[in-house]
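These are my notebook entries on a structure that I went through piece by piece. I wrote them for someone who opens it for the first time.

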Amino acid sequence: MVYRKWKTAALGAAMILGTAAASSAATLDEVKAKGFVQCGVNAAGLQGFAAPNDKGEWSGFDIDICRAVAAAVFGDATKVKFTPLTAKERFTALQSGEIDVLSRNSTWTMSRDTQLGIVFTGVNYYDGQGFMAKKSLGVSSAKDLNGASICVQSGTTTELNLADWFRANNLQFNPVVFEKQEEADAAYDSGRCDAYTTDASGLYSIRLKLANPDEHVVLPEIISKEPLGPSVRQGDDQWALIVKWALFAMVNAEELGVTQANVEEQKTGSANPEVKRLLGTDGDFGKSLGLTPDWAVNVIKAVGNYGESFERNVGQGSPLKIARGLNELWSKGGIQYAPPVR
Amino acid sequence: MTLRDAAPSTPLSGQRGSGSSWLYDPTIRGIVFQVLLVVGLALFGWWVVHNTIVNLRAANIASGFDFLSTRAGYDIAQKPIDYTIDDTHGRAFLVGLLNTLVVAAIGVVLATVLGFLVGIARLSPNWLLAKVASVYVETFRNIPLLLQLLFWYKAVLSVLPGPRQGLALPMGSNLSNRGLIIPRPVIGEGFELVVGAVAVALAAAFGLSRWARARQMATGQSFPSGLAGLALVVLLPTFAYVLAGMPITLEYPELKGFNFAGGLVLKPEFMALLLGLTIYTASFIAEVVRAGVLAVSHGQTEAAYALGLRPSRTLRLVIVPQAMRVIIPPLTSQYLNLTKNSSLAVAVGYPDLVAVFAGSTLNITGRAVEVIFITMSVYLVISLLTAAFMNWFNARVALIER
């Protein structure tokens with residue numbers, strides 16, 4: 001929308017008027033100076049990933065990444081501010097420096113990594129694109145969707161995968177494209193489209209928001225791989241490392257059995273050298289990131305380890321009840337894997 | 001020029017002969033300052049472009065216009081020209097541009113018709129008609145267009161039943177939440193004859209009207225050239241159509257699978273945008289028309305009556321030409337507004353230039369600066385062309401005072 005173009009305009013202004021010579025200061029110093037991390041999140045309120053809870057506070061799996069970074073930097077997970085963004089606005093907001101981290105269920109792709117001046121720091125959720133349709137249509141497979149009208153959000157990998165998949169399967173479809181996820185949700189709910197497509201995790205979340213969730217079914221096909229993760233601006237390696245290792249700390253903590261509840265106890269009592277290195281009682285890993293030695297302790301105290309954050313937000317402890325699947329640890333049959341702290 | 005003529009009277013004028021003080025020559029000084037201004041502007045423009053390129057490079061953001069020839073990969077709901085996902089972003093840009101032009105062109109025509117009707121109705125001596133027109137104008141002129149678009153889209157069109165329970169209309173048409181589906185005219189062999197007949201009829205009508213005018217100027221005898229021209233334009237193509245063996249057939253929509261197959265589909269996104277733009281802009285045009293008619297003093301009507309002109313002729317020959325002089329400039333502004341407002345299409349999911357090019361293409365390629373620059377330039381060009389045409393038309397119909 002033109003009246004919502006201000007984010008793009010801000011980038012334009014920054015690119016046109018900013019003096020070419022002035023290189024941006026280190027993000028860590030800027031964040032410390034202003035006293036909080038500015039984190040870009042999903043504006044549509046994707047329950048389980050990024051949505052305001054009953055108390056009006058942002059919560060969710062993507063939000064935990066923002067809080068983990070704040071905890072690593074300040075030792076205080078509340079020192080974070082959120083900027084709600086649509087799919088169209090997200091990368092521009094990061095490029096223009098409006099946000100420090102983007103944690104908005106965004107797919108890591110090569111073109112985004114190489115052409116947008118941003119860099120993905122990891123994968124917090126391995127996802128794939130799926131379809132949802134009304135049960136009353138009697139559709140059991142996405143291949144039955146020939147000729148269907150399909151609601152989709154613009155500016156997403158979803159929009160591209162959709163066209164490719166229907167082409168590859170020799171099927172026809174009518175795209176109904178919206179800029180905002182809420183608009184696409186509402187159009188699907190009102191019956192404008194026969195089916196809705198986005199990442200499978202999003203389908204589970206959006207289904208719960210529909211007027212009658214039980215009337216809709218998520219179809220079995222997963223037509224793409226969508227590694228979702230946080231991203232930062234290129235050119236500031238230290239900041240990228242902090243965001244990267246905040247997530248790795250969560251994954252390593254789960255693997256080592258460090259939890260939100262026992263982290264203090266483990267810090268003082270554990271004899272395991274791996275745990276000692278992670279929690280900062282051995283070596284100076286925190287210092288090498290430009291942080292305090294107990295940076296990982298702060299992360300785990302704030303949001304728990306990866307498994308705890310997953311179960312609380314999107315897993316069995318949540319209304320979404322998503323199975324770990326690919327997001328199980330590598331040692332338990334999944335592909336979540338973090339390099340060692342060494 | 002006045003300054004220069006006055007120059008000899010100034011005390012400095014005595015030194016001019018020596019040639020040392022060209023600085024004080026207003027003409028030379030004027031030229032120097034204008035050259036400086038142009039050079040300054042050019043430098044500023046260069047600095048803006050250069051700085052943008054350097055900044056984008058420094059931030060590691062890919063730039064340039066090469067993306068226009070790469071594969072777009074996304075589908076578009078409404079395609080006035082052939083387009084597949086294998087076509088380029090440049091082609092997608094064209095599709096978006098055409099979608100914008102389609103909705104703007106149809107919107108301008110419908111808004112003009114509706115606006116003139118409502119504007120004249122508001123002046124009607126019929127109390128009820130005038131009040132209905134007033135309520136229409138005051139309602140739609142005072143509600144933001146975006147809200148009206150959302151109203152048409154969400155409150156009117158999206159509550160329609162699904163395609164299987166759609167409202168069946170005559171001729172196999174159907175109105176559902178998938179849009180209005182009407183039979184599609186399929187053009188068969190021999191249609192060229194009809195097109196030719198239309199062209200011949202138009203040329204003949206034009207010639208007839210010129211001849212009638214010339215004769216009236218010379219002899220004072222009038223000829224109903226308008227009526228005769230209309231008859232020509234209607235009858236000749238109809239005759240040709242029948243002669244060619246009725247080459248237009250209708251393809252009726254059929255319910256197949258999820259949606260209708262065949263027929264011409266006016267999607268709800270298109271209808272919501274067209275309805276919103278038309279109804280909103282028509283309320284402004286109605287006021288422009290009313291102002292134009294009221295601007296012609298009543299004495300003109302009375303004078304025409306006194307000369308023995310009938311009311312219809314008074315309207316056509318006396319009032320309308322004078323009213324048009326007042327109507328056309330603000331009408332141009334309304335046309336420009338309608339075209340630019342069509343960019344709100346993105347709120348209702350209509351694939352216009354902003355939704356397609358400044359939406360999907362911008363996001364897929366990440367070329368924000370380039371895409372927004374092209375999009376802004378396109379709207380500027382469309383608006384300038386519209387304004388140029390309307391200025392030309394205004395000059396044609398302007399009252400020539402004698």
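**Entry 1, disulfides.** I began with the cysteines and counted two disulfides over all chains, taking as a disulfide a pair of cysteine sulfur atoms within 2.5 Å. Before going further I noted that this is a predicted model, in which local features need pLDDT of at least 70 and side-chain atom pairs count only at pLDDT 80 or more, while totals for chains, interfaces and linings use all residues. I also noted that residues are numbered from 1 along each chain as its sequence is written, that chains are lettered from A and ligands numbered from 1 in the order in which they are written, and that side-chain values use heavy atoms, with hydrogens and water left out.

I looked up C39(A) and C66(A), which form a disulfide with their sulfur atoms 2.0 Å apart. The torsion about their S-S bond is about -60°, so this disulfide is left-handed. C39(A) lies in strand β1 (residues 37-42) of chain A and C66(A) in helix α3 (residues 61-74) of chain A, so the pair ties together parts that are 27 residues apart in sequence. For such elements I used DSSP runs numbered from the N terminus, with helices (H or I) of at least four residues and strands (E) of at least two. C39(A) is buried at 0% relative accessibility, and C66(A) is buried as well, with a relative accessible area of 1%; buried means under 20% relative accessible area, exposed over 50%, and partly exposed in between, with a 1.4 Å probe and protein chains only.

I then turned to C151(A) and C193(A), joined by a disulfide with an S to S distance of 1.9 Å. Here the torsion about the S-S bond is about 70°, so the disulfide is right-handed. C151(A) sits in strand β9 of chain A and C193(A) in the loop between α7 (181-189) and β11 of chain A, so parts that are 42 residues apart in sequence are tied together. C151(A) counts as buried at 0% relative accessibility, and C193(A) counts as buried at 1%. With bonded cysteines counted along the chain, I wrote down the pattern of chain A as 1-2, 3-4.

**Entry 2, the sheet.** Which strands form the open sheet, and in what order? I found five strands of chain A in the order β10-β9-β11-β8-β12, with mixed pairing; two strands pair if DSSP finds at least two bridges between them. β10 and β12 (216-218) of chain A stand at the edges with a single partner strand each, so one side of each is left without a neighbour in the sheet. Neighbouring strands of this sheet are turned by 25° against each other on average, direction ignored, where axes are lines fitted to C-alpha atoms, for helices over the stretch in contact, and angles run from 0 to 180 degrees between N-to-C directions. Within the sheet, β9 (residues 148-153) and β11 (residues 195-199) of chain A run parallel and are joined by two bridges, and I150(A) of chain A stands opposite A195(A) in β11(A).

I looked for residues with a positive phi that are not glycines, and N170(A) has one of about 60°. N170(A) is placed in the loop between α6 and β10 of chain A and is exposed, with a relative accessible area of 70%. K321(A), also not a glycine, has a positive phi of about 50°; K321(A) lies in the segment after α14 (306-313) of chain A and counts as partly exposed at 49% relative accessibility.

How much space lies in the largest cavity? I read about 170 Å³. A cavity is a set of points on a 1 Å grid over the protein atoms alone where a 1.4 Å probe fits but cannot get out, and lining residues have an atom within 4 Å of a point. Grid points are joined across faces, edges and corners, and a volume is the space filled by probe spheres set on the points. Of the 21 lining residues, the closest to the centre of the largest cavity are N105(A), Q153(A), T156(A), T198(A) and D199(A).

Methods: On a 1 Å grid over the protein atoms alone, a cavity is a set of points where a 1.4 Å probe fits but cannot get out, and a pocket is an open set with protein on both sides within 12 Å along at least five of seven lines; lining residues have an atom within 4 Å of a point.
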